[in-house]
Amino acid sequence: MDIVNVDYSTKIPNNVGLTEDRRILRALESWHPGYLDWWMDMGPEGFQESLVYLRTAVSVDPKGWAKFDYVRMPEYRWGILLAPQEEGRKVNFGQHLGEPAWQDVPGEYRAMLRRLIVIQGDTEPASVEQQRHLGTTAPSLYDMRNLFQVNVEEGRHLWAMVYLLHKYFGRDGRDEADDLLRRRSGSEDAPRMLGAFNEATPDWLSFFMFTFFTDRDGKMQLESLAQSGFDPLSRTCRFMLTEEAHHMFVGETGVGRTVQRTCEAMKAAGIADPFDTEKVRALGVIDLPTIQKKLNLHYTLSLDLFGSEVSTNAANAYNAGLKGRFMETKIEDDHRLEASNYPVLKMVDGAVKLIDEPALTALNMRLRDDYTADCAKGVERWNKIIEKTGVPFRLALPHVAFHRQIGEFRNVKARPTGEVIDGATWEREKDNWLPSKSDGDFIVELMKPVVEPGEFASWIASPKVGIDNKPGDFEYVKIAA
Ligand code: BYC
Ligand code: FE
Ligand code: FE
């Protein structure tokens with residue numbers, strides 16, 4: 001059965017026929033209270049009673065799936081939404097190339113598939129936990145609403161993975177679903193699984209960088225999983241990707257508006273030198289070199305999320321037909337990668353070199369390269385904003401050897417240019433490349449909440465258009481007293 005519209009008659013909205021699937025409905029209904037407890041404990045602090053102008057999915061049709069209305073976040077209708085099943089879909093890569101896509105878990109790949117789903121699922125609540133303190137310092141109601149929209153959708157992404165675990169993995173799937181509510185971002189004894197999801201998101205510039213860089217890792221990983229021969233995973237990821245687009249919009253425009261405001265304030269005050277940080281900061285805006293440092297931090301934390309450049313896990317998942325390449329079906333080759341190579345950046349005798357590796361084990365590197373290309377386009381759009389104001393400054397992505405904790409470069413120190421340096425030089429200069437304690441203190445100091453409809457904090461420009469075409473002074477959040 002294939003349903004495009006979402007059934008809202010059940011407690012759990014869905015387009016997977018849950019009413020006829022009593023066993024799974026019951027399993028999800030027993031997971032639901034724990035989810036709500038988690039949301040109340042770890043979701044947006046201080047705003048659980050506020051009315052937020054949110055979009056909810058009413059169909060999975062890419063055109064016009066959203067309905068906007070005021071909702072209290074704990075009453076958001078989190079649901080199970082899969083893109084429609086494609087008639088005759090095949091496994092499009094790996095050892096099973098050309099076989100019909102699986103509607104059930106292939107027994108031999110059960111553990112591998114469960115691991116991918118659990119890792120994906122773990123990141124979603126982690127990001128909500130990381131962002132839970134930000135509501136109190138929002139630069140406007142517009143931005144506050146966008147934060148909460150991202151948060152409820154990451155909550156829904158957790159539901160998406162939990163559905164797969166309950167429906168296809170029986171008992172151990174249910175245990176994994178419970179553990180997704182047990183781990184906590186930054187916790188000593190039960191941390192989230194991947195590095196970047198245990199870092200703090202201390203301020204709104206970090207939030208915008210996170211949604212630009214880390215949600216974009218989400219996009220790339222979901223694109224690869226959307227290629228999966230396991231059809232329910234593919235369909236789930238395809239719908240998640242339509243939501244993901246908004247998260248990256250929030251990041252790109254958030255940083256863009258910050259950069260714009262800084263440049264405009266500099267022009268108005270007649271400050272020509274972007275490195276005169278003291279004068280720029282005195283204007284109540286964030287100086288461009290500090291924005292570059294935040295970019296360096298979030299980009300490199302996100303690079304780590306791609307795993308090692310050379311990885312047998314990645315090769316195995318590809319061979320099995322579980323995780324493909326970005327745009328797999330658009331690539332013209334054998335889709336088995338048995339004989340081809342891919343160039344990988346490696347450390348050889350203390351220097352960074354490009355070395356050919358078997359394409360199959362280099363899949364993480366390839367996806368990361370696709371990611372970097374995608375990031376670079378966004379950075380160029382930021383540079384266009386700066387250029388237009390005439391301020392002589394360009395933002396840039398640092399070299400992939402810089403500030404890494406996973407893969408080839410984890411044991412070296414390098415400048416943002418990629419030049420390898422010794423530990424003493426790193427210690428001496430790192431505050432020029434990554435946000436220092438005093439940079440962080442300055443930004444936190446700037447983060448004064450602005451809750452008047454249509455008004456914005458000193459450090460950020462207003463958006464060009466409203467959400468759902470609402471006017472500039474629309475009350476996106478009705479804050480509960
Ligand atoms: N931190 O062969 P390796 C999102 C582990 S974001 C800690 O190098 P592999 C979102 C690895 O688990 C997208 N550990 O890498 C964004 C393995 O451990 P085990 C999330 C790490 O497996 C914003 C060992 O190192 N989705 O959706 O080829 C807001 C060797 O692994 C890290 C996915 O990631 C790390 N950074 O690739 C909300 C998709 N990196 O098993 C949401 C699913 C590696 O030996 N995951 N390790 O104990 C995957 O496809 C892969 O697991 C990874 C790693 C790409 C993460
Ligand atoms: Fe997500
Ligand atoms: Fe996201």
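This is a predicted model: local features need pLDDT of at least 70, side-chain atom pairs count only at pLDDT 80 or more; totals for chains, interfaces and linings use all residues.
Q: Why are H1 and H4 called roughly parallel?
A: H1 covers residues 22–42, H4 covers residues 170–182, and the two pack at an angle of about 10° with axes 10 Å apart. The axes are lines fitted to C-alpha atoms, for helices over the stretch in contact, with angles from 0 to 180 degrees between N-to-C directions. Under 35 degrees counts as roughly parallel, over 145 as roughly antiparallel, 65 to 115 as roughly perpendicular, and the rest as oblique. That is why H1 is roughly parallel to H4.

Q: Which residues of H1 and H4 meet, and how many of each class are there in the contact?
A: From H1 come Ala 27, Trp 31, Gly 34, Tyr 35 and Trp 38, and they meet Arg 174, Ala 177 and Leu 181 of H4. Contact here is C-beta atoms, placed from the backbone, within 7 Å. By class, that contact has 6 nonpolar, 1 polar and 1 charged residues. Ala, Val, Leu, Ile, Met, Phe, Trp, Tyr, Cys and Pro count as nonpolar, Asp, Glu, Lys and Arg as charged, and the others, Gly among them, as polar.

Q: What makes H5 and H6 roughly antiparallel to each other?
A: The axes of H5 (residues 204–226) and H6 cross at roughly 155° and come within 8 Å. Held against those angle ranges, H5 and H6 are therefore roughly antiparallel. Their crossing is left-handed, and their contact has 14 nonpolar, 7 polar and 7 charged residues.

Q: Why is Asp 61 called partly exposed?
A: Asp 61 has 13 other C-beta atoms within 10 Å, so it lands in the in-between class. You'll find Asp 61 in the loop between E1 and E2.

Q: What makes Asp 349 exposed and His 403 buried?
A: Asp 349 has 5 other C-beta atoms within 10 Å, so it is exposed. His 403 has 23 such neighbours inside 10 Å, so it counts as buried. Asp 349 sits in the loop between strand E3 (341–348) and strand E4 (351–358), with a positive phi near 45°. His 403 has a positive phi of about 50°, in the loop between helix H10 (363–389) and strand E5 (413–414).

Q: How do you know that E3 and E4 pair?
A: Strands pair if DSSP finds at least two bridges between them. E3 and E4 have 8, in the antiparallel sense, and Met 347 has Val 352 of E4 as its bridge partner.

Q: Why is E4 said to lie largely in the open?
A: Of its 8 residues, the number buried is 0, so E4 gets that description. As for E1, 5 of its 7 residues are buried, and E1 is mostly covered.

Q: What makes E2 and E7 edge strands?
A: The open sheet has 3 strands in the order E2-E1-E7, with antiparallel pairing. E2 (66–72) and E7 (477–478) each have a single partner strand, so one side of each has no neighbour in the sheet. E1 (residues 51–57) joins E2 over 7 bridges, and 2 bridges join E1 to E7. In E7, Lys 478 stands opposite Leu 51.

Notes:
Residues are numbered from 1 along each chain as its sequence is written. Chains are lettered from A and ligands numbered from 1 in the order in which they are written. Helices (H or I, at least four residues) and strands (E, at least two) are DSSP runs, numbered from the N terminus. Two residues are in contact if their C-beta atoms, placed from the backbone, lie within 7 Å. A residue is buried if 20 or more other C-beta atoms lie within 10 Å of its own, exposed if 12 or fewer, and partly exposed in between; C-beta atoms are placed from the backbone. A crossing is left-handed if the near helix is turned anticlockwise from the far one by less than a right angle, and right-handed if clockwise.
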